[in-house]
Amino acid sequence: MKGKDSITNTIRTQRFFAGEMTQQELANRVGVSRQTILAIENGKYAPSLLLAFQIAGVFGKPLTEVFHYQTAKESKK
Amino acid sequence: MHIIQKVSIVSLFLNLAFAIPLTLRQRGLAHPDLQAAVKSWGIYFLILMGGMVAVNILAAILIAIFSRGQGFDDPTDERDRMIELKAVRVFNILFFLSFLAFAALMALGLELFAAFFWLAAGIFVSGLALHLTFIICYQRGC
C-alpha cells in the first residue's frame, strides 16, 4: 500500500524554548482551540498555511523551522 | 476530549434509545387502507426527524450541565469546520443513497411498509454516521 506524505512539526520543542508556553496560551494567541494545537502537535491534523504561519510567527521562527514536509519515502527511513 | 465529541457520543445513544422503539412501534401498527398507512408514516417521519433534532439539543444541554459549560466557549476554528464539512458530506451521501434505494423500492412495486421502513432506516443511519464521523475525526484525525 502506498504511504501518505505528511507534515511534521517542532511545536512542542518551540513551546519549551518559549518558556514552557502552554498549549492553551499558544491556542489563544493564534485563535484556535487547545484541542487543535494538541492535534497538530500529535500529527493528527495538518494546519492551513495561514495557521502554520501564525504559529511560526508566535515563536518568531520561519515556517520551515517549525513545520517540515515529509514524503512517504522519508518517513519509512 | 473535545466538547463536540462528547455531545456526539451522548446524541448517538439518545438517538438509538429514541428511534428504535419508535420504529418498532410503527412496524407493529396495522393500517386498513393506503390513505391511513401513508398518513401514519407521515406522522412517523415528522416525529422521527423532529425527535432527532430535539435529542441533539438535549445532548448538548446535558453535556453543558455536566461539564459546567466548560469547552463551549472554545472558538470554532478551521479544524472544527473541516470535520463538520466531512461529517455533513458523509450524511449527505448516505441520505442520498437511502433515498435512491427508497425510490427504487417504490419503482419495483414493493410493499409500502418495506419502502418506508428502508427510508426511515436510511435517515436514522445517516444521522448516526454524522455523529460517528465527528467522534472518529476528533479522536483519530481525518
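## Chain B: contacts and overall build

In chain B, 79% of the contacts with a separation of 6 or more are made by residues 24 or more positions apart. The model is a predicted one, and the values below should be read with that in mind.

Chain B contains four helices and zero strands, so that its elements, read from the N terminus on, follow the order α-α-α-α. Taken along the principal axes, a box of roughly 55 × 30 × 20 Å is filled by the C-alpha atoms of chain B, and 26% of its 142 residues count as buried.

## The largest nonpolar core

The largest nonpolar core is made up of 25 residues, and those with the most contacts inside it are B:Val7, B:Leu119, B:Ala120, B:Phe134 and B:Tyr138. At least two residues of this core are supplied by each of four helices of chain B, namely H1 (3-28), H2 (34-66), H3 (78-107) and H4 (112-140), with H4(B) giving the largest share, 11 residues. In soluble globular proteins, nonpolar side chains tend to be buried together.

## Partners of B:Val7

Which residues does B:Val7 touch, not counting residues up to four places away in sequence? They are B:Ala59, B:Ala60 and B:Ile63. B:Val7 is also among the residues with the most contacts inside the largest core.

How values were computed:
Residues are numbered from 1 along each chain as its sequence is written. Chains are lettered from A and ligands numbered from 1 in the order in which they are written. This is a predicted model: local features need pLDDT of at least 70, side-chain atom pairs count only at pLDDT 80 or more; totals for chains, interfaces and linings use all residues. A nonpolar core is a set of buried Ala, Val, Leu, Ile, Met, Phe, Trp, Tyr and Cys residues joined through C-beta atoms within 7 Å. A residue is buried if 20 or more other C-beta atoms lie within 10 Å of its own, exposed if 12 or fewer, and partly exposed in between; C-beta atoms are placed from the backbone. Two residues are in contact if their C-beta atoms, placed from the backbone, lie within 7 Å.
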